[in-house]
Amino acid sequence: QVQLVESGGGSVQPGGSLRLSCAASGSIFSINIMGWYRQAPGKQRELVATTSSSGLTNHADSVKGRFNISRDSAKNMVYLQMNRLKPEDTAVYYCALGNWDGDAFQTYWGQGTQVTVSS
């Protein structure tokens with residue numbers, strides 16, 4: 001089992017910045033992917049950014065150039081630096097971890113943290 005705890009959400013004005021953190025604990029496999037997803041009211045959950053244990057990163061087009069995902073594998077932490085926030089970034093942000101067991105990813109989710117961008 002894996003436990004994920006997010007922190008760092010809150011309210012910010014358009015153009016502002018926030019940094020989300022996610023602490024992972026439990027049985028974390030050597031090959032894994034950690035990432036951030038978000039879900040706005042009335043919308044499906046969508047990928048924001050991912051980072052693999054090999055160092056590869058991926059960002060959704062909607063956040064490229066504004067958000068940056070990073071990880072500290074020694075501490076089992078993943079971060080999401082969010083700059084130039086827009087009202088459409090308002091959502092619950094979820095941390096996720098996928099353990100590769102050789103055949104498939106076993107995915108775990110955090111409880112989510114609210115990000116609100118409003119003037």
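This is a predicted model: local features need pLDDT of at least 70, side-chain atom pairs count only at pLDDT 80 or more; totals for chains, interfaces and linings use all residues.

Residues are numbered from 1 along each chain as its sequence is written, and side-chain values use heavy atoms, with hydrogens and water left out.

The protein chain has 11 strands and zero helices; helices (H or I, at least four residues) and strands (E, at least two) are DSSP runs, numbered from the N terminus. Of the 119 residues, 40% are buried, meaning under 20% relative accessible area with a 1.4 Å probe, protein chains only. Along its principal axes, the C-alpha trace spans about 45 × 25 × 25 Å.

Now the pocket. On a 1 Å grid over the protein atoms alone, a pocket is an open set of points where a 1.4 Å probe fits, with protein on both sides within 12 Å along at least five of seven lines; lining residues have an atom within 4 Å of a point.

How much space lies in the largest pocket? About 150 Å³, where a volume is the space filled by probe spheres set on the points. Its lining includes Ile33, Met34, Tyr37, Phe105 and Trp109. Strands S4 (32-39), S9 (91-100) and S10 (105-109) each supply at least two lining residues, and S4 gives the most, with four.

Methods:
Buried means under 20% relative accessible area, exposed over 50%, partly exposed in between (1.4 Å probe, protein chains only).
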